Amino acid sequence: MTGPIPASRLADHMIATGELTATPERVAELLGVKPARVSAALAVARDDGSMVSVTRGLYGAVEWGWRRMRTQPPADYLDALMQHLGHRYYLAYRSAAGSFGVGHRRPRFVQVAVDSYCRDRRIGDVKVCFYRNHRVGKVPTTRKRFKDYEVTVSIPEVTVLDLVERVFPAGGGFAEVGNNLGDFQTAPQQLDSDTLIEVSEMFPCAVVQRAGYVLQTMHNDLGSFIKEPLNLDALAEAVQRRGARPVDLAPSRLAWLSGPDVVLDKRWKVRVNREIDHDLVGRSKI
């Protein structure tokens with residue numbers, strides 16, 4: 001197409017040419033208007049869901065099937081958004097687990113770990129939650145393709161430890177963390193014992209102790225559903241080499257048990273002041 005593009009056709013043009021996001025200056029060029037007129041020119045396109053403001057200074061095109069949500073899945077915009085804002089990132093926590101097919105709930109938000117403060121925002125009807133994490137750029141990640149777009153995602157072993165470290169609110173609470181760590185173990189070839197041990201050295205020993213306890217609990221509860229068990233003995237030995245000291249499973253505000261009702265798990269040196277109230281098949285405690 002030559003000449004200015006009508007605003008009503010801008011999204012289709014951008015998608016057809018592989019230009020999913022654009023600055024106001026680029027939009028002005030495509031529409032044939034002055035940059036100061038871009039916001040007004042896109043009013044109808046934003047209203048019908050074909051264009052979305054990803055952040056100040058960045059617009060995104062929305063494919064037809066997603067326009068009822070007024071946005072593509074926000075992960076489609078993440079590379080462009082993070083480059084625009086100047087952040088390193090990875091898709092994290094429950095969003096990372098979901099990208100590997102783990103977890104039974106599909107919350108309508110996206111969780112992203114970033115290397116410095118970034119405010120939460122809504123892209124269309126979807127909330128994007130940012131968590132400052134000093135390990136961004138250090139822990140192993142992978143690139144995952146979702147349809148036509150790629151996103152940086154924490155590897156499963158990092159995701160497990162991230163979830164346990166921030167069991168609430170990022171992990172969704174102990175039930176959801178238990179579900180995710182159980183699913184990671186029942187799904188074949190998701191977690192690798194050697195990689196988990198290697199990555200665990202990047203996290204505080206207390207986090208690894210809690211993760212080991214939750215993984216062990218889910219292993220015990222799910223039994224035969226786990227076809228390729230993790231080598232939790234090796235992880236426990238790695239914890240002991242680090243001089244593990246007794247830690248609470250849950251902070252006091254999330255604890256269910258106290259005093260003499262709290263049992264110390266000797267293997268992981270975790271004071272079990274909270275049950276892992278998951279809802280996976282094979283659960284041994286109701």
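Reader: How many disulfides does the structure hold?

Author: This is a predicted model. A disulfide needs two cysteine sulfur atoms within 2.5 Å. The sulfur of Cys129 is 11 Å from the closest cysteine sulfur, in Cys118, which is too far for a bond. The number of disulfides in the structure is therefore zero.

Reader: Is Cys118 buried or exposed?

Author: A residue is buried when its relative accessible area is under 20%. Cys118 has 8% relative accessibility, so Cys118 counts as buried.

Reader: What is the class of Cys129, buried or exposed?

Author: The same cut-off of under 20% applies. Cys129 comes to 10% relative accessibility and therefore counts as buried.

Reader: How are the rings of Phe100 and Phe184 arranged: stacked, edge-to-face or tilted?

Author: The count of aromatic pairs is two. For Phe100 and Phe184, the ring centres lie 6.5 Å apart and the planes meet at 55°. Planes under 30 degrees apart would be stacked and those over 60 edge-to-face. The Phe100 and Phe184 pair is therefore tilted.

Reader: How many residues apart in sequence are the parts that this pair ties together?

Author: Phe100 belongs to the loop between helix 6 and strand 5, and Phe184 to helix 8. Phe100 is buried at 15% relative accessibility, and Phe184 is buried at 1%. The parts tied together are apart in sequence by 84 residues.

Reader: How many of the ten residues of helix 7 are buried?

Author: Helix 7 spans residues 156-165 and is mostly covered. Its buried residues include Glu157 and Asp162 as well as Val158 and Leu161. Among the elements that cover them are strand 4, helix 8 and helix 10. The buried count for helix 7 is nine.

Reader: Which strands stand at the edges of the open sheet of three strands?

Author: The sheet has the order 10-12-11, with mixed pairing. Strand 11 and strand 12 pair in the antiparallel sense over three bridges, and Leu264 has Arg271 as its bridge partner. An edge strand here has a single partner strand, so one side is left without a neighbour in the sheet. The strands at the edges are strand 10 and strand 11.

How values were computed:
Residues numbered from 1 in each chain as written. Predicted model: local features only at pLDDT ≥ 70, side-chain atom pairs only at ≥ 80, totals over all residues. Heavy atoms only, no water. Buried < 20%, exposed > 50% of the residue type's maximum accessible area, 1.4 Å probe, protein only. Helix = DSSP H or I, 4+ residues; strand = E, 2+ residues; numbered from the N terminus. Contact = heavy atoms within 4.5 Å. Pairing = 2+ DSSP bridges. Phe/Tyr/Trp six-rings, centres within 6.5 Å; stacked < 30°, edge-to-face > 60°.
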